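This report describes the fold of one protein chain. Please keep the sequence and the structure in view while reading.

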Amino acid sequence: MPVLPGSPPVEVHLKRSARARRFSLRVSRLDGKVTLSMPVRAREGEALAFLKGNEDWLRQTLSAMPGPTLQAVGPGSVICVEGDELVLAPATGRGVRAEGGLLLVPGSPQTMGPRVAAWLKVLARDRLATASTRYAGLVGRQYSSLAIRDTRSRWGSCSPDGRLMYSWRLIMAPPTVLDYVAAHEVAHLVELNHSAAYWKVVTSICPDWKDHRAWLKTNGNSLHRVRFQD
């Protein structure tokens, strides 16, 4: 994925389209994702030159976009964990735990956000590793590594050498949505593109993927609105 250098650097998704007759840039109002559409036979170097030539417009557009309303985490906050709403509450003991509609968090209220985030990351890695391994088995492939990050521009990625990356905030989505993203990235172990053959692989292991992708498009931005640290 190309990155436009500068402050800040901007990730740009290249999209080859049979319908495209020229280069075009689009910035999603949902999550700020930047997409550069290009004709099928165009060279990537030409696309990067077009990107550089439109850098001023792109940065002005990004800076003019309103930032999301952030939801700070603290006692009494409601967050979603695997699609279920849980109320954060102070607790005794050593570990964060979910009980009866509550997410019990030991320690001082000032450290509640970071503690919850750390707990969610561990849970996300476990769920995503389980889903990725299951889908990799279904397509007869193996991935080389799995990492979780806090990315805004994409929910996951698969490198040519089989490295999987996911946003840990997927753990706040319903489990079927997390599973879909795992299936989406694992399918790239077979087809490292978004061709018809690729989507055939996705459909074979996750038949309802369109529903789950639609959920992310509608609700995904809300997962980024939760602020776990000041």
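## Terms and basis

Two strands are taken to pair if DSSP finds at least two bridges between them. Helices (H or I, at least four residues) and strands (E, at least two) are DSSP runs, numbered from the N terminus.

The model is predicted, with local features needing pLDDT of at least 70 and side-chain atom pairs counting only at pLDDT 80 or more, while totals for chains, interfaces and linings use all residues. Residues are numbered from 1 along each chain as its sequence is written, and side-chain values use heavy atoms, with hydrogens and water left out.

## Overall composition

The protein contains 6 helices and 13 strands. Its C-alpha trace spans about 60 × 45 × 30 Å along the principal axes.

Of its 230 residues, 41% count as buried; buried means under 20% relative accessible area, exposed over 50%, and partly exposed in between (1.4 Å probe, protein chains only). A contact requires heavy atoms within 4.5 Å. Among contacts between residues at least 6 apart in sequence, 47% join residues at least 24 apart.

Strands of a sheet pair through backbone hydrogen bonds, either parallel or antiparallel. β1 and β2 are antiparallel and pair over 2 bridges, with V10 in β2 as the bridge partner of L4. β2 and β4 run parallel and are joined by 6 bridges; here L14 stands opposite L36 of β4. β3 pairs with β4 (residues 34-39) in the antiparallel sense over 4 bridges, and L25 stands opposite L36 in β4.

Angles run from 0 to 180 degrees between N-to-C directions, and axes are lines fitted to C-alpha atoms, for helices over the stretch in contact.

## The loop at A18

A18 is located in the loop between β2 (10-17) and β3 (24-27). Is A18 buried or exposed? A18 counts as exposed because its relative accessibility is 62%. A18 and P39 are separated by 21 residues in sequence and by 6.2 Å in space, C-alpha to C-alpha.

Strands β7 (residues 84-91) and β9 (residues 102-106) pair in the parallel sense over 5 bridges. The bridge partner of A91 is P106 in β9.

The loop between β6 and β7 holds E82. E82 is not a glycine, yet it has a positive phi of about 55°. With a relative accessible area of 24%, E82 is partly exposed.

## The helices α4 and α6

Helix α4 (residues 175-187) packs against helix α6 (residues 209-223) at an angle of about 105°, and their axes are 9 Å apart. The two helices α4 and α6 are therefore roughly perpendicular to each other; angles under 35 degrees count as roughly parallel, over 145 as roughly antiparallel, 65 to 115 as roughly perpendicular and the rest as oblique. T176, V177, Y180 and V181 of α4 make the contact with W209, H212, R213, W215 and L216 of α6. These contact residues comprise 6 nonpolar, 2 polar and 1 charged (Ala, Val, Leu, Ile, Met, Phe, Trp, Tyr, Cys and Pro count as nonpolar, Asp, Glu, Lys and Arg as charged, and the others, Gly among them, as polar).

In α6, the residues W209, H212, L216, G220, N221 and L223 are buried. The buried residues of α6 pack against α4, α5 (196-205) and β13 (226-227). α6 also bends by about 45° at K217, the bend at a residue being the angle between axes fitted to the seven residues ending there and the seven starting there.
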